[in-house]
Amino acid sequence: MKEIQQEITPITNEDLFIIFNHPNAHFDYPIHCHPEYEINLVMNTRGSRIVGDSTEDFGPLDLVMIGPYVPHVWKSPLKTNHVITIQFSGDLIDFPIVNKRLFLPIRQLLLDSRQGLSFTGPEQLSVRDRILELTRMQGFQSATAFLDILNALATANRKVLMSNLCDSKNIVHTSKSRRIAKVCDYIEKNLCQNIRLTDVAGLVNMSESAFSHFFKKRTNISYITFVNNMRISKACQLLANTTLSASEICYACGFNNKSNFIRIFTKKKNMTPIEYREYISQMLIKY
């Protein structure tokens with residue numbers, strides 16, 4: 001199966017952002033990632049998309065924002081695909097102005113987009129119109145319109161696409177806790193093993209109950225859910241990029257029996273591991 005390609009985008013250090021306007025997109029590009037942020041507006045079509053470990057159907061209007069290095073691809077059997085893509089530097093979050101109080105909602109949007117975001121509700125139509133208008137602009141006015149789009153997305157109804165909210169880097173960043181960082185590092189390194197709650201709690205000198213409460217308060221996710229999400233995320237990667245059997249993947253991800261693995265995987269992905277592999281293989285271009 002084709003590996004995730006890293007796309008080389010044409011954006012330069014002198015560009016605030018770039019826009020691709022494809023009235024007749026073919027969706028023939030393989031799954032890929034890049035170091036830039038990306039806003040994708042897909043219109044007049046339907047199909048399926050992959051964002052990280054998320055696989056969903058879309059149509060006829062799809063508005064998604066993706067953070068740096070998040071794998072993604074859209075596929076559609078139709079020929080009516082109109083796609084407008086806005087790409088901008090992955091370093092935007094480090095710009096001094098983004099740390100100013102007025103820009104804090106945009107900063108949070110940039111952070112959240114690392115898990116992939118899908119936008120719904122009336123704001124979806126409003127942002128669509130603003131993006132269409134942006135494609136007809138030039139000069140400094142386009143810069144203010146771009147920031148206005150980011151601000152609109154920052155306050156819009158949105159859904160996190162990637163189920164691996166347990167991503168250790170994201171958890172460590174949002175929790176701002178050295179103890180959480182230590183726990184995440186331990187779990188990530190021992191994911192294929194039997195990770196006992198008592199051992200993890202002992203790492204940070206807590207009782208099991210105190211640790212469970214502390215972890216949930218700092219991360220907004222239970223410890224058990226965190227570990228299961230990490231294991232399912234790894235299973236998705238192995239199903240997409242290897243020929244290992246479901247049984248082999250089950251134990252490689254730290255599950256102690258296949259039936260439990262299939263039950264948890266199906267609950268989180270709405271399809272069995274085998275169905276997920278077949279679905280991914282249809283979305284990806286093979287060598």
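Some ground rules come before the details. Residues are numbered from 1 along each chain as its sequence is written, and side-chain values use heavy atoms, with hydrogens and water left out. Because the model is predicted, local features need pLDDT of at least 70 and side-chain atom pairs count only at pLDDT 80 or more, while totals for chains, interfaces and linings use all residues. Helices (H or I, at least four residues) and strands (E, at least two) are DSSP runs, numbered from the N terminus.

I start with helix H5, residues 178-189. H5 has 12 residues and reaches 17 Å from its first C-alpha to its last, close to the 16 Å expected at 1.5 Å a residue. The expected span is 1.5 Å times one less than the number of residues.

Which residues of H5 are buried? They are Ile180, Val183, Cys184 and Ile187. These cover an arc of only 100° around the axis, which puts them on the same side of H5. The arc is taken from the directions from the helix axis to the C-beta atoms. On the other side of H5, Arg178 and Lys189 are exposed. Buried here means under 20% relative accessible area, exposed over 50%, and partly exposed in between, using a 1.4 Å probe and protein chains only.

Next, the partner of H5. The axes of H5 and helix H7, residues 208-219, come within 11 Å and cross at roughly 105°. That makes H5 roughly perpendicular to H7. For the terms, axes are lines fitted to C-alpha atoms, for helices over the stretch in contact, and angles run from 0 to 180 degrees between N-to-C directions. Angles under 35 degrees count as roughly parallel, over 145 as roughly antiparallel, 65 to 115 as roughly perpendicular, and the rest as oblique.

From H5, the contact uses Arg179, Ile180 and Val183, and from H7, Phe211, Phe214, Phe215, Arg218 and Thr219. Contact means heavy atoms within 4.5 Å. By class, these residues are five nonpolar, one polar and two charged. Ala, Val, Leu, Ile, Met, Phe, Trp, Tyr, Cys and Pro count as nonpolar, Asp, Glu, Lys and Arg as charged, and the others, Gly among them, as polar.

Now helix H8, residues 223-241. Its 19 residues should span 27 Å at 1.5 Å a residue, and the end C-alpha atoms are 27 Å apart, which agrees. H8 is mostly covered, with 14 of its 19 residues buried.

H8 packs with helix H10, residues 258-269, at an angle of about 90°, the axes being 10 Å apart. This pair, too, is roughly perpendicular. On the H8 side, the residues that meet H10 include Ile232, Ala235 and Leu239, and on the H10 side they include Phe261, Ile264 and Phe265. The contact of H8 with H10 has seven nonpolar, three polar and two charged residues.

Cys253 sits in the loop between helix H9 and H10. Is Cys253 buried or exposed? At 0% relative accessibility, Cys253 counts as buried. Among the residues Cys253 touches, not counting those up to four places away in sequence, are Leu191, Cys192 and Ala235.

Last, some backbone details. Gly59 and Pro60 are joined by a cis peptide bond, with omega about -5°. Pro60 lies in the loop between strands E6 and E7. Tyr69, in the loop between E7 and E8, has a positive phi of about 65° although it is not a glycine. Tyr69 is partly exposed, at 48% relative accessible area.
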